[in-house]
Amino acid sequence: MSEQTAQSQERKKVIFSAIQPTGTITLGNYLGALKNWIKLQEDFNCIYALADLHAITVRQEPAKFRANIYEAYALLLACGVDVEKSLFFIQSHVSTHAQLAWILNCYTQFGELSRMTQFKDKSAKHSDNINAGLFTYPALMAADILLYQADLVPVGADQKQHLELTRNIAERFNGIYGNVFKVPDGYIPKTGARVMSLQEPAKKMSKSDENINSYVAVLDKPEVIMKKFKRAVTDSEACVKYGEGKDGINNLMGIYSAVTGKTYEEIEKEFEGKGYGDFKTAVGEAVVEELRPVQERFSQFIKDKAYLKECYEKSAQIAEKISQRTLDKAVKKIGFVLK
Ligand code: TRP
């Protein structure tokens, strides 16, 4: 998107979202968030980022980290993030994020950050590296969002508390200095599946799960996808029907519905009198077909580093300009001497 387009689209509502470029992107990320990111581009002024600054709150192996960033960027383009319609940049390339994050740190209370459940979970999981960044992570996330005066932020349940804190920080800052930041709302899409683990279907599908059979990666080969669905945990009822105590089948139905657009009643009818084996095969095949074009586009993009660079540089330049306006406003209000 050009700066001019960015300006002429100012009447459209602004959406901001970001994803951490760590590890494999799963079918859960794809159906739960990314497919929605693509759709939102039609009606909103979308600003998307790869949150590499957030990612280093947990130790990353440098070569792998860099490869993951390229992979995530290429994969999101392959999914349909369109830099002609939206901005899609790498967070660390836009210096205003770290700058505003520092400022917002000073308007965020120790007590508030201590109550964040993600901080509690992550510091338990990485008890050898409970760094200050892990603690102040939500202030950086608030900076990401507030820099663009975002109206709406699509987030999953795990980020709701951080968004709530972002709203509190914005309101506090505005309360002291007048209207500087737009107070953003969460955006819970009408569609979008919550994809659960294929092995423990009461748990969310996660790329950090130790059991690789529990998740499908968007880049998994077709035969691997089929194998993982065939091994998916179900129940002993052998009846494709949505219901309580049928987490495994409910999850497979959710995935099948998200991919094919079929309703649960249609799915129940389609598999009436058929066993789970047939159903799992059908879900696997539908997912393979859904991901095939994404995988094909990915294999083109990942080879073309020059094209990737062109895309993220163009977006970062525009993002820098837009976000600088907000940063300047905040800096002036605080009482810093302007450069
Ligand atoms: N913290 C988010 C996650 O781990 C990623 C993220 C960073 C984000 N900045 C954001 C999401 C701003 C929404 C808005 O999923």
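**Note on the ligand shell and the cavity**

1. Helix 8 gives the largest share of the shell around the ligand, four residues. Helices (H or I, at least four residues) and strands (E, at least two) are DSSP runs, numbered from the N terminus. The model is predicted: local features need pLDDT of at least 70 and side-chain atom pairs count only at pLDDT 80 or more, while totals for chains, interfaces and linings use all residues. Residue numbers start from 1 along each chain as its sequence is written, and side-chain values use heavy atoms, with hydrogens and water left out.

2. The ligand is surrounded by 13 residues, the closest being Gln20, His54, Tyr137, Asp144 and Gln159; near means that a heavy atom of the residue lies within 4 Å. By class the shell holds eight nonpolar, four polar and one charged. Here Ala, Val, Leu, Ile, Met, Phe, Trp, Tyr, Cys and Pro count as nonpolar, Asp, Glu, Lys and Arg as charged, and the others, Gly among them, as polar.

3. The protein buries 90% of the 370 Å² that the ligand exposes when taken alone (Shrake-Rupley method, 1.4 Å probe). Strand 1 (14-19) and helix 8 (132-146) are the elements that give two or more residues to this shell.

4. The count is one cavity of 30 Å³ or more. A cavity is a set of points, on a 1 Å grid over the protein atoms alone, where a 1.4 Å probe fits but cannot get out; lining residues have an atom within 4 Å of a point. The largest cavity holds about 40 Å³ of space, a volume being the space filled by probe spheres set on the points, which are joined across faces, edges and corners.

5. The lining of the largest cavity consists of Met116, Gln118, Phe119, Lys122, Leu134, Tyr137, Pro138 and His162.

Methods. On a 1 Å grid over the protein atoms alone, a cavity is a set of points where a 1.4 Å probe fits but cannot get out, and a pocket is an open set with protein on both sides within 12 Å along at least five of seven lines; lining residues have an atom within 4 Å of a point.
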